[in-house]
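Me: I want to go through the side-chain contacts in this one. Can you put it up?

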Amino acid sequence: MTQTSENVTWLTQEAYNKLKDELEHLTGPARTEIAAKIAAAREEGDLRENGGYHAAKEEQGKQELRVRQLTQLLENAQVGEAPASADGAVAPGMVVTIAFDGDEDDTLTFLLASREYASADIETYSPQSPLGAGVMGHKVGEDAEYELPNGKKANVKILKAVPYNG
């Protein structure tokens, strides 16, 4: 099966290992721990008014959601450096600088990547976000359009797009 750049999440080996370790913890020791909490709360009696039981069940639900998210993310992960865009087009794993409405004094620089790949050094936008989807595939010097939350359209100019090396 070939993957398009839109459903691939680029991860460094370090980020992949961290997420894999989190998944292993959640599916092993954390599951055992939450099951023990639920069992202990059940022994307290009436489940309708048992705050500890309901809290443990809610925690279990959140934990299982995270397991599903991590599983999907790791299945679609490409480990290593994001490839340089051969045709100069904006793609996931790139640091992009845009100018709003062509005003080169009103710019934004961000990493186009999934949240798990986010860095404290640079703002991160998902390729599925309105801005991310709007700039995806455009080349430096081109104009792109995306939809704002209020339904209006916004125009940006791609000033720079380089592979992220953080």
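Reply: What follows covers aromatic pairs and salt bridges. This is a predicted model, where local features need pLDDT of at least 70, side-chain atom pairs count only at pLDDT 80 or more, and totals for chains, interfaces and linings use all residues. Residues are numbered from 1 along each chain as its sequence is written, and side-chain values use heavy atoms, with hydrogens and water left out.

Me: How many aromatic pairs does a search of the whole structure find?
Reply: One. Phe 110 and Tyr 125 sit edge-to-face, 4.9 Å centre to centre with 65° between the planes. Rings of Phe, Tyr and Trp (its six-membered ring) pair with centres within 6.5 Å; planes under 30 degrees apart are stacked, over 60 edge-to-face, the rest tilted.

Me: Which strands are Phe 110 and Tyr 125 in?
Reply: Phe 110 is in strand 4 (residues 107–112) and Tyr 125 in strand 5 (residues 124–125), so the pair ties together parts 15 residues apart in sequence. Strands are DSSP runs of E, at least two residues; helices are H or I, at least four; both are numbered from the N terminus.

Me: Is Phe 110 buried or exposed?
Reply: Buried, at 0% relative accessibility. Tyr 125 is partly exposed at 22%. Buried means under 20% relative accessible area, exposed over 50%, partly exposed in between (1.4 Å probe, protein chains only).

Me: Salt bridges now. What does Arg 31 pair with?
Reply: Glu 64, with the closest N and O atoms 2.7 Å apart. The criterion is a side-chain nitrogen of Lys or Arg within 4 Å of a carboxyl oxygen of Asp or Glu.
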